[in-house]
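Subject: Structure handover

Hello,

Here is the structure I promised to pass on. Please open it alongside this message; my notes follow below.

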Amino acid sequence: MEIEKEIKKVTLGHEIGAGAPCLKCKDKCEGFELHFWRKICRNCKCGLEDHEVQLTSEESRKVGRLFEDTKYTNLFAKLKKDSVPTYPGNMVTVTNVVPTRKDVDIKSVTYEWAPPVSNQSLAVRYIEMLPKEKQPVAGTEGAIYRKKQLAKQLPEHDQDPSKCHELSPSEVKQMQQFVKKYKEEALGVGDVKLPEEMINHAQAAGGGGQGVEGPARVASGTGADSGSGLVAGSAAEAGGVSHEKSRGRGTTLAAGALGTPGAPGALITSAEGQTYSCHHCQQPMKPGDPAVYADRAGYDKLWHPACFVCCTCAELLVDMIYFWKKGKLYCGRHYGDSEKPRCSGCDELIFSNEYTQAEGQDWHLKHFCCFDCDCILAGETYVMEKDKPVCKPCYMKNHAVCCISCQKPVEPEAQRVTYGEHNWHAEPDCFRCSCCSKSLIGQRFMAMQSKLYCSVECKKKTVAQGKP
Ligand SMILES: [Zn+2]
Ligand SMILES: [Zn+2]
Ligand SMILES: [Zn+2]
Ligand SMILES: [Zn+2]
Ligand SMILES: [Zn+2]
Ligand SMILES: [Zn+2]
Ligand SMILES: [Zn+2]
Ligand SMILES: [Zn+2]
């Protein structure tokens with residue numbers, strides 16, 4: 001027994017989530033086992049995100065790989081040269097000492113992920129501003145929610161051709177170009193800051209490769225002449241906020257390299273009591289509350305932590321990983337969907353010019369298959385069962401309703417009569433009087449339990465014979 005278990009572990013160990021129990025199906029699923037191309041569980045047909053997935057090293061490598069060769073790579077530890085950067089996940093444990101009447105109460109909370117900022121209280125405040133059920137506190141539904149969203153929003157097969165099913169060389173090439181393009185143009189990580197810290201601070205022209213570390217600080221009164229009076233960090237002190245560790249920013253500023261003079265709108269004008277409103281809900285930010293900035297969007301836009309969501313699914317962008325396109329924030333999945341059709345069979349984006357559209361969904365030609373037995377359905381009769389196509393034999397075996405008269409399943413194309421919870425073939429042999437066998441198609445009838453009668457007489461006769 002033990003050995004058998006071990007073997008199963010070893011053979012499936014390379015797959016993310018292998019063996020994880022299904023949260024929806026509970027005992028009915030033996031554990032997650034990846035279908036060879038569908039990206040769902042072979043045992044229960046639920047997605048990976050429905051299973052109790054541990055954040056494995058594989059999964060953190062997935063996020064690391066997403067940011068490989070981007071300006072965000074510095075967020076992720078490079079193990080060795082040429083190796084894939086891994087995603088530390090930034091787990092944080094915070095210990096709060098709360099003085100009570102008699103004693104002190106020490107509470108410690110572990111966040112499975114916290115924004116990577118040096119000021120820990122800012123990070124905690126950010127998390128507290130998220131809906132309670134979405135806060136990634138270890139051991140709570142919020143932590144499960146985050147893991148689900150990592151699987152859902154960042155499909156591995158949207159970035160890694162080797163995770164896709166039998167791509168042609170030209171599809172691989174197109175996919176690589178697609179990945180390169182979104183890394184260059186859209187992908188980013190949110191940046192948590194206090195809006196009041198940003199007053200007087202301009203966006204660095206061109207970013208200067210500072211990436212997620214935020215904009216360079218330029219304090220200036222006029223904007224037309226931003227080369228003068230560079231004071232780094234002073235506003236932060238004035239605002240009563242602890243001085244941030246300057247990560248080499250000051251020197252850049254002193255060199256004056258960032259003073260692109262007169263760039264219109266490049267400066268956030270300073271004004272006493274100026275309010276900032278959230279790009280999503282348009283409501284003002286409260287003083288002291290952190291906001292999320294996205295450098296792809298520009299530092300003139302900011303979001304409430306709970307408003308940093310995908311424009312399509314409206315879910316919180318997991319770990320603040322976003323895709324920016326035409327003024328909108330997307331999660332990875334929905335950015336992909338906005339660029340390419342997605343195959344309803346295998347969940348991959350379609351890079352081939354040839355694909356099928358059926359039932360309002362897109363399919364690789366080779367993936368328009370029966371959901372039950374995987375046989376190819378092109379040119380075959382199929383039935384949509386809960387939005388999934390199934391072949392006729394599987395329909396008859398697994399889904400068809402039975403005629404209560406002849407006890408045989410009703411063909412998908414056959415006429416059928418439904419009355420209450422019962423079904424009949426709409427044929428004289430099946431839909432008929434239980435007593436005199438007269439066909440009831442198009443006739444008035446009476447029903448008693450599962451029996452049909454043409455008249456009160458026939459019904460009485462049957463009851464009298466004691467076989468209702
Ligand atoms: Zn399941
Ligand atoms: Zn399963
Ligand atoms: Zn908002
Ligand atoms: Zn989304
Ligand atoms: Zn497909
Ligand atoms: Zn089938
Ligand atoms: Zn029948
Ligand atoms: Zn009758």
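Start with K132, which lies in the loop between α3 (120–128) and α4 (141–153). This is a predicted model, so read each remark below as a remark about a prediction. Is K132 buried or exposed? K132 counts as exposed, because it has 10 C-beta neighbours inside 10 Å, and the cut-off for exposed is 12 or fewer. Along the chain, K132 and G142 are 10 residues apart. In space, their C-alpha atoms are 7.4 Å apart.

C369 sits between β9 (361–364) and β10 (382–385). C369 is buried, because 24 other C-beta atoms lie within 10 Å and the cut-off for buried is 20 or more. Which residues does C369 touch, leaving aside neighbours within four places in sequence? They are G345, D374, C375, I376 and L377. K388 is 19 residues away from C369 along the chain. The C-alpha atoms of C369 and K388 are separated by 9.2 Å.

On to the sheet. Three strands form an open sheet in the order β3-β6-β7. The pairing is antiparallel. β3 (187–189) and β7 (328–330) are at the edges. Each has a single partner strand, so one side of each has no neighbour in the sheet. From one strand to the next, the twist averages 45 degrees.

Look at the β6 and β7 pair in particular. β6 covers residues 321–325, and three bridges join it to β7 in the antiparallel sense. K325 has K328 in β7 as its bridge partner.

A helix comes next. α9 (residues 332–339) packs on the sheet and touches β6 and β7. The direction of α9 makes about 25 degrees with that of β6. Which residues of α9 are buried? G332, R333, H334, Y335 and G336 are. What do the buried residues of α9 pack against? Their partners are α4, α5 (169–185), β6 and β7.

There is also a hairpin to check. Strands β12 (residues 416–419) and β13 (residues 422–425) run antiparallel and are joined by four bridges. Y419 stands opposite H422 in β13. Two residues lie between the strands of this hairpin. G420 has a positive phi near 60 degrees there.

Then the chain as a whole. The protein chain has 468 residues, and 35% of them are buried. It holds 11 helices and 15 strands. Take the contacts between residues at least 6 apart in sequence: 43% of these join residues at least 24 apart.

Last, confidence. The average pLDDT of the protein chain is 79. A score of at least 70 is reached by 73% of the residues. Where does pLDDT stay under 50? One such stretch is residues 1–13, with five contacts beyond four places in sequence. Another is residues 77–82, with six contacts beyond four places in sequence.

Best wishes

Definitions and conventions. Residues numbered from 1 in each chain as written. Chains lettered and ligands numbered in written order. Predicted model: local features only at pLDDT ≥ 70, side-chain atom pairs only at ≥ 80, totals over all residues. Pairing = 2+ DSSP bridges. Axes fitted to C-alpha atoms, helices over the stretch in contact; angles between N-to-C directions. Contact = placed C-beta atoms within 7 Å. pLDDT = per-residue confidence, 0-100.
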